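Trainee: Could you show me how to read contacts and surface features in a model like this one? I would like the general idea each time, and then the case at hand.

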Amino acid sequence: MARPIVKDLCYVALYAPEPDILAEFYTSVLGFQIVAQSKLNAENIRSSVFLSNPTKQTQYQLAVFANHKMQNTAFEVDSLANLRSLYALFIERDLPIRWVLNHGVSLAFYFHDPVGNLIKLFWLTGFDYPQPHGHPIDLTQSEAALRQDGADLVAQLNRRRSKCL
């Protein structure tokens, strides 16, 4: 079987102590749009802002985090099978994995490349789910179980929304 490859470079996540300041630059100077953001904290600082170039069809191309440890580069794979194959390759080679998360919109695992850059490999689930979100998952589960985890997450959100109406 051929080794799975990444489909595309999807986004870059930058560090900024106050993400709103950097977001304002990218929106007012370069024409990006804010597509998601975290709530303001007690100091009126957001922990994250997600931006998109309006000409692109992807969810976002730039993320800005107040936590420098979240600075990363993300690569998309074209299938859940390929994500699981790459994950298995990391396990087989005993390469350290930092996080394995269900973001609702994607399933992902994070690792550091040989010089310490944080890299995210992910597969888009097709679900619409508010960001930021991430809960731990086990990519060794079956594809059906992983897909069900995403469906359950969206169903929980819909139940919460219907209770608020």
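Trainee: Where do Glu143 and Arg147 lie?

Mentor: Both lie in helix α3, 4 residues apart, which is about one turn of the helix. Helices (H or I, at least four residues) and strands (E, at least two) are DSSP runs, numbered from the N terminus. Helix α3 covers residues 143-164. Before we go on, this is a predicted model: local features need pLDDT of at least 70, side-chain atom pairs count only at pLDDT 80 or more, and totals for chains, interfaces and linings use all residues. Residues are numbered from 1 along each chain as its sequence is written, and side-chain values use heavy atoms, with hydrogens and water left out.

Trainee: What do Glu143 and Arg147 form?

Mentor: They form a salt bridge, with the closest N and O atoms 3.4 Å apart. The term asks for a side-chain nitrogen of Lys or Arg within 4 Å of a carboxyl oxygen of Asp or Glu.

Trainee: How many salt bridges does a search of the whole structure find?

Mentor: It finds 3. One of them joins Glu76 to Lys7, with 3.5 Å between the closest N and O atoms. That pair links distant parts of the chain: Glu76 sits in strand β5 (residues 72-76) and Lys7 in the segment before β1 (8-15), 69 residues apart. Glu76 is buried because its relative accessible area is 8%, whereas Lys7 counts as exposed at 53%.

Trainee: And what about Arg46 and Asp20?

Mentor: Their side chains meet in a salt bridge at 3.0 Å, N to O. Arg46 is in the loop between β2 (33-37) and β3 (48-52) and Asp20 is in helix α1, so the pair ties together parts 26 residues apart in sequence. Arg46 counts as buried at 18% relative accessibility, while Asp20 is partly exposed at 28%.

Trainee: Now the aromatic side chains. How many aromatic pairs are there?

Mentor: Rings of Phe, Tyr and Trp (its six-membered ring) pair if their centres lie within 6.5 Å; planes under 30 degrees apart count as stacked, over 60 as edge-to-face and the rest as tilted. By this rule the count comes to 10. Take Tyr87 and Phe109: their ring centres are 5.4 Å apart and their planes stand at 75°, so the pair is edge-to-face. This pair, too, links distant parts of the chain, with Tyr87 in helix α2 (residues 80-92) and Phe109 in strand β7 (residues 106-112), 22 residues apart. Both Tyr87 and Phe109 are buried.

Trainee: How are the rings of Phe90 and Phe109 arranged?

Mentor: Their centres lie 5.2 Å apart and their planes are at 75°, so this pair is edge-to-face. Phe90 belongs to helix α2 and Phe109 to strand β7, so the contact ties together parts 19 residues apart in sequence. Phe90 counts as buried at 11% relative accessibility, and Phe109 is buried with a relative accessible area of 0%. Elsewhere, Tyr11, Phe50, Tyr60 and Phe65 form one aromatic cluster.

Trainee: Last topic, the surface. Which residues make the nonpolar surface patch?

Mentor: Patches are made of residues with over 30% relative accessible area and no salt bridge; like charges are joined within 9 Å, and nonpolar side chains (Val, Leu, Ile, Met, Phe, Trp, Tyr) within 5 Å. Areas come from the Shrake-Rupley method with a 1.4 Å probe, and for residues only the protein chains shown count as cover. Here Phe25, Val29 and Leu30 make a nonpolar patch of about 280 Å². Phe25 is found in helix α1 (residues 19-28) and is partly exposed at 38%.

Note on methods: Buried means under 20% relative accessible area, exposed over 50%, partly exposed in between (1.4 Å probe, protein chains only).
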